[in-house]
Amino acid sequence: MASIIKASINLNNIDKSKIIEGKKGKYLPITITINDEVDQFGNQGPIVVAQSKEEREAKVAKTYLGNVAVVWTNGENVAAAPREDQPQQSAPVA
């Protein structure tokens with residue numbers, strides 16, 4: 001399975017308390033969702049700060065960071081978002 005997914009995040013939305021200090025640097029756990037449908041802006045899903053089980057159970061609002069769009073795929077996992085300069089690739093067959 002191969003795909004190229006482009007993304008952008010709003011650095012101003014990062015809660016500094018969520019940054020994890022690791023041995024090789026600082027990390028922000030994130031969750032990326034790839035939806036079946038493309039939204040009105042050509043995005044295929046959101047990027048949010050990962051939540052703990054307790055946060056999910058307490059229904060804490062997600063911290064939205066940005067969007068993702070699949071720009072290329074070999075057709076074995078997710079379909080690429082349509083682009084003006086290329087036709088859309090078909091979704092993979094299960």
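Strands here are DSSP runs (E, at least two residues; helices are H or I, at least four), numbered from the N terminus.

The model is predicted, so I noted the limits: local features need pLDDT of at least 70, side-chain atom pairs count only at pLDDT 80 or more, and totals for chains, interfaces and linings use all residues. Residues are numbered from 1 along each chain as its sequence is written, and side-chain values use heavy atoms, with hydrogens and water left out.

**Confidence.** I read pLDDT as the predictor's confidence in each residue, from 0 to 100. The protein has a mean pLDDT of 85, with 82% of its residues at 70 or more. Strand β1 (residues 3–9) has the lowest confidence, a mean of 89, and strand β3 (residues 25–27) the highest, at 96.

**Sheet.** I traced an open sheet of 4 strands in the order β1-β6-β5-β4, with antiparallel pairing. β1 and β4 (30–32) are the edge strands, each pairing on one side only. From one strand to the next the twist averages 25°; axes are lines fitted to C-alpha atoms, for helices over the stretch in contact, and angles run from 0 to 180 degrees between N-to-C directions.

I then went through the pairs, where pairing requires at least two DSSP bridges between two strands.
- β1 and β6 (residues 64–73) are antiparallel and joined by 7 bridges.
- β5 and β6 are antiparallel and joined by 4 bridges.
- β4 and β5 are antiparallel and joined by 3 bridges.

I checked Ile47 on both sides: Ile32 stands opposite Ile47 in β5, and the bridge partner of Ile47 in β6 is Gly66.

**Core.** The largest nonpolar core has 5 residues: Ile14, Ile47, Val49, Leu65 and Val68. Such a core is a set of buried Ala, Val, Leu, Ile, Met, Phe, Trp, Tyr and Cys residues joined through side-chain atoms within 4.5 Å. β5 (45–49) and β6 are the elements that give two or more residues to this core. In β5, 4 of its 5 residues are buried (under 20% relative accessible area; exposed is over 50%, partly exposed in between; 1.4 Å probe, protein chains only).

Leaving aside neighbours within four places in sequence, I listed the contacts of Val68 (heavy atoms within 4.5 Å); among them are Ile5, Lys6, Ile32 and Ile47.

**Thr73.** This residue is in strand β6. Thr73 counts as buried because its relative accessibility is 3%. I found a polar contact of 3.1 Å between the side chains of Thr73 and Ser3. A polar contact is a pair of N or O atoms within 3.5 Å; within protein, one must be able to donate a hydrogen and the other to accept it, and residues adjacent in sequence count only if both atoms are side-chain atoms.
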